[in-house]
Amino acid sequence: MTRLSMQGAAIVGTIALGMTIAHTAIADRAIAQNTMSEAILNAHNQYRAEVDVPPLSWSDALASDAQEWADYLASLGRLQHSENTGQGENLWMGTSGFYSYTDMVEAWGEEQQYFIGGTFPDVSSTGDWSDVGHYTQMVWRETTAVGCGIATAEGNNILVCRYSPPGNFMGEPVF
């Protein structure tokens, strides 16, 4: 091999290595996304099964919307509900790397302890529907899909889940 062709082979090898690393990074992100979506979906559906409502399906479109909002909230460094999306929404924030995806959803599910069956908003033993609002959105019978996104800001993970059709409508039963 001539010196020029050896350099060319080295360049081709370097490009191939770079492409392999890039492909591996993309595959790792896809696996992480699948792990996240599976864990979050399973946690939601566990709560739904407990109250005998149909399971949710994962929506990539909702997940995309949720990711966009999670990224925005990360830029703010705080939680804030979006407005007029036509979607239901749950927000969560906690220390990065400390909570699993299931833990995040279970924080909403813990509101179940204050839930009483009935017509929304009269569904909380505390008298304040917001004490069960995340939980009721998760188990709202008419909701069929969920998609979530996560972002990190100032040492915290911010989880946004979007739901369709949205729940928590005044005067309607939760299940």
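Modeller: The account below begins with helix α2 and then turns to the strands beside it. The model is a predicted one, in which local features need pLDDT of at least 70 and side-chain atom pairs count only at pLDDT 80 or more, while totals for chains, interfaces and linings use all residues. Residues are numbered from 1 along each chain as its sequence is written, and side-chain values use heavy atoms, with hydrogens and water left out.

Helices (H or I, at least four residues) and strands (E, at least two) are DSSP runs, numbered from the N terminus. Helix α2 comprises the 17 residues 60-76. The expected span of a helix is 1.5 Å times one less than its number of residues. For α2 that rule gives 24 Å, and the end C-alpha atoms are 24 Å apart, which agrees.

Just after the helix, Gly 77 adopts a positive phi of about 80 degrees.

A residue is called buried under 20% relative accessible area, exposed over 50%, and partly exposed in between (1.4 Å probe, protein chains only). In α2 the buried residues are Leu 62, Ala 63, Ala 66, Trp 69, Ala 70, Leu 73 and Ala 74. They cover an arc of only 145 degrees around the axis, so they lie on the same side of α2. The arc is that of the directions from the helix axis to the C-beta atoms. The face turned away from this buried side carries the exposed residues Asp 60, Ala 61, Glu 68 and Ser 75.

What do the buried residues of α2 pack against? They pack against β1 (57-58), β2 (88-95), β3 (145-153) and β4 (156-164); contact here means heavy atoms within 4.5 Å.

Among these strands, β4 is mostly covered, with 7 of its 9 residues buried. Two strands pair if DSSP finds at least two bridges between them. Strands β2 and β4 run antiparallel and are joined by 8 bridges; in this pairing, Asn 90 has Cys 161 of β4 as its bridge partner. Strands β3 and β4 are also antiparallel, pairing over 9 bridges. Their hairpin has 2 residues between the strands, and Glu 154 takes a positive phi near 50 degrees there.

Cys 148 stands opposite Cys 161 in β4. These two residues form a disulfide, with their sulfur atoms 2.0 Å apart; the term denotes a pair of cysteine sulfur atoms within 2.5 Å. The link joins distant parts of the chain, from Cys 148 in strand β3 to Cys 161 in strand β4, 13 residues apart. The torsion about the S-S bond is about 110 degrees, so the disulfide is right-handed. Both Cys 148 and Cys 161 are buried, and a search of the whole structure finds 1 disulfide.
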